[in-house]
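Please look through the sequence and the structure shown here before reading the report that follows.

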Amino acid sequence: QLKKLRGEPWRGEQLFTQFKCANCHTVRADEPVRGPFLGNIAKTYRREQLAEAILLPNKQLAQGFVTNVFTLDNGLTRTGFVTQEAADKVTIRDATGQEIVIPKAEIEEREKITISVMPEGLVKDLTLIDLASLVDYLEWLAKQEEQHGQAP
């Protein structure tokens with residue numbers, strides 16, 4: 001049904017804000033990356049794939065965005081996506097977009113979380129037209145990037 005149904009990109013942007021998607025996703029190239037960048041996601045995925053990723057976030061995790069939880073020898077934990085790994089240190093990006101360097105000598109335990117940070121069922125109450133609008137917003141972002149060299 002979504003293949004043929006069109007919503008309103010402005011409504012999709014409202015929903016993007018309402019569901020606090022920007023807490024984890026960026027849509028502009030000049031924003032610090034917190035999670036998967038969505039400014040041009042519609043260039044890579046079709047409408048049905050975008051809808052599926054929104055509705056079933058645990059079905060497939062975006063490459064490079066598997067959450068790692070590090071327990072350190074001082075009892076603190078650090079959580080984020082690994083952005084760089086060397087023999088003596090691991091660099092992660094946390095949910096705020098901050099890069100944190102963790103010396104490997106300080107790591108007591110490392111666990112990969114196999115589910116998405118995006119809560120399952122987050123958008124379960126969306127109407128079909130609202131889901132279409134959210135996907136239309138993502139497609140609109142990709143068109144803006146194409147026209148202007150970056151998302152608005």
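## The surroundings of Asn68

In this predicted model, Asn68 touches Arg78, Thr79, Gly80, Val82, Arg110, Glu111 and Lys112, when residues up to four places away in sequence are not counted. With one of these residues, Arg110, the side chain of Asn68 makes a polar contact, side chain to side chain, at 3.1 Å.

Asn68 has its place in strand β1, which covers residues 67-72. Asn68 counts as buried because its relative accessible area is 3%, and the cut-off for buried is under 20%.

## The nonpolar cores

The largest nonpolar core has 20 residues, and those with the most contacts inside it are Phe16, Ile54, Leu126 and Leu138. The elements that give two or more residues to this core are α1 (9-18), α3 (47-55) and α4 (128-148), and α4 gives the most, with 7 residues.

Leu138 touches Leu38, Ile41, Ala42, Leu50 and Ile54, again leaving out residues up to four places away in sequence. There is also a second, separate core of 6 residues, among them Phe70, Val90, Ile100 and Ile102.

## The largest pocket

The largest pocket has a volume of about 1100 Å³. It is lined by 41 residues, of which His25, Pro36, Ala53, Ala62 and Met118 are the closest to its centre.

At least two residues of this lining come from each of α3, β2 (77-85) and α4, and α3 gives the most, with 5 residues. Sorted by class, the lining of the largest pocket has 26 nonpolar, 9 polar and 6 charged residues.

Definitions and conventions:
Residues numbered from 1 in each chain as written. Predicted model: local features only at pLDDT ≥ 70, side-chain atom pairs only at ≥ 80, totals over all residues. Heavy atoms only, no water. Core = buried A, V, L, I, M, F, W, Y, C linked by side-chain atoms within 4.5 Å. Buried < 20%, exposed > 50% of the residue type's maximum accessible area, 1.4 Å probe, protein only. Helix = DSSP H or I, 4+ residues; strand = E, 2+ residues; numbered from the N terminus. Contact = heavy atoms within 4.5 Å. Polar contact = N/O pair within 3.5 Å; in protein donor to acceptor, adjacent residues only side chain to side chain. 1 Å grid on protein atoms, 1.4 Å probe; cavity = no way out; pocket = protein on both sides within 12 Å on 5 of 7 lines; lining within 4 Å. Points joined across faces, edges and corners; volume = space filled by probe spheres on them. Nonpolar A, V, L, I, M, F, W, Y, C, P; charged D, E, K, R; others polar.
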